[in-house]
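Welcome to this short tour! Keep your viewer open and get ready to select a few things along the way.

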Amino acid sequence: RLASSSFVNTSFSLLPFALLLHAVVGIFVGGGFILQIVWGALFGTLTAFLAWLFLRQISGKIEALCAAALVSFSPIQLLWSRIGGVYLCDLSHILLTLILAQHALAKRSSLWAIITGVSLYLTLFTHFPARLAYP
């Protein structure tokens with residue numbers, strides 16, 4: 001019973017941009033404890049990529065690569081990727097919102113500003129610990 005009703009069904013089903021990814025991974029991997037490992041790998045990689053992309057937009061290549069490496073090798077990120085819980089997606093949601101905000105400011109587009117606002121709302125609504133990261 002525990003393997004068929006993994007924690008992913010309760011914790012990750014609320015994430016807005018993870019629903020499609022959850023369905024695709026569920027089709028290929030199936031349910032159970034293996035999803036914990038898969039989610040840790042996917043969101044750990046996504047977080048490192050988003051850190052690189054965000055810093056790449058506002059600074060140079062070396063700074064972006066160093067930031068992605070620091071995120072990848074931080075002890076808390078390694079721990080979260082092994083445990084696999086809702087808090088694993090906090091940093092990727094925050095980085096995605098910052099990337100969208102930077103893009104909206106660069107383009108001076110109200111459409112991108114609305115998309116950024118929706119992303120910020122979904123981040124704060126879904127991930128209550130992420131509220132501490134925003135000023």
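We will start with the whole chain and then visit two stops.

This is a predicted model, where local features need pLDDT of at least 70, side-chain atom pairs count only at pLDDT 80 or more, and totals for chains, interfaces and linings use all residues. Residues are numbered from 1 along each chain as its sequence is written, and side-chain values use heavy atoms, with hydrogens and water left out.

**The whole protein.** Switch to a cartoon view: you will find 7 helices and 0 strands. Here helices (H or I, at least four residues) and strands (E, at least two) are DSSP runs, numbered from the N terminus. Of the 135 residues, 34% count as buried, meaning under 20% relative accessible area, with exposed being over 50% and partly exposed in between (1.4 Å probe, protein chains only).

**First stop: two helices.** Select residues 34-58, helix α3, and residues 75-83, helix α5. Their axes come within 7 Å and cross at roughly 145°; axes are lines fitted to C-alpha atoms, for helices over the stretch in contact, and angles run from 0 to 180 degrees between N-to-C directions. Now show the side chains: Q36, G40, F43, G44 and T47 of α3 meet Q77, S81, R82 and I83 of α5. Contact means heavy atoms within 4.5 Å.

**Second stop: helix α4.** Which helix holds L65? Select residues 61-72, helix α4, and you will find L65 there. L65 counts as exposed because its relative accessibility is 54%.
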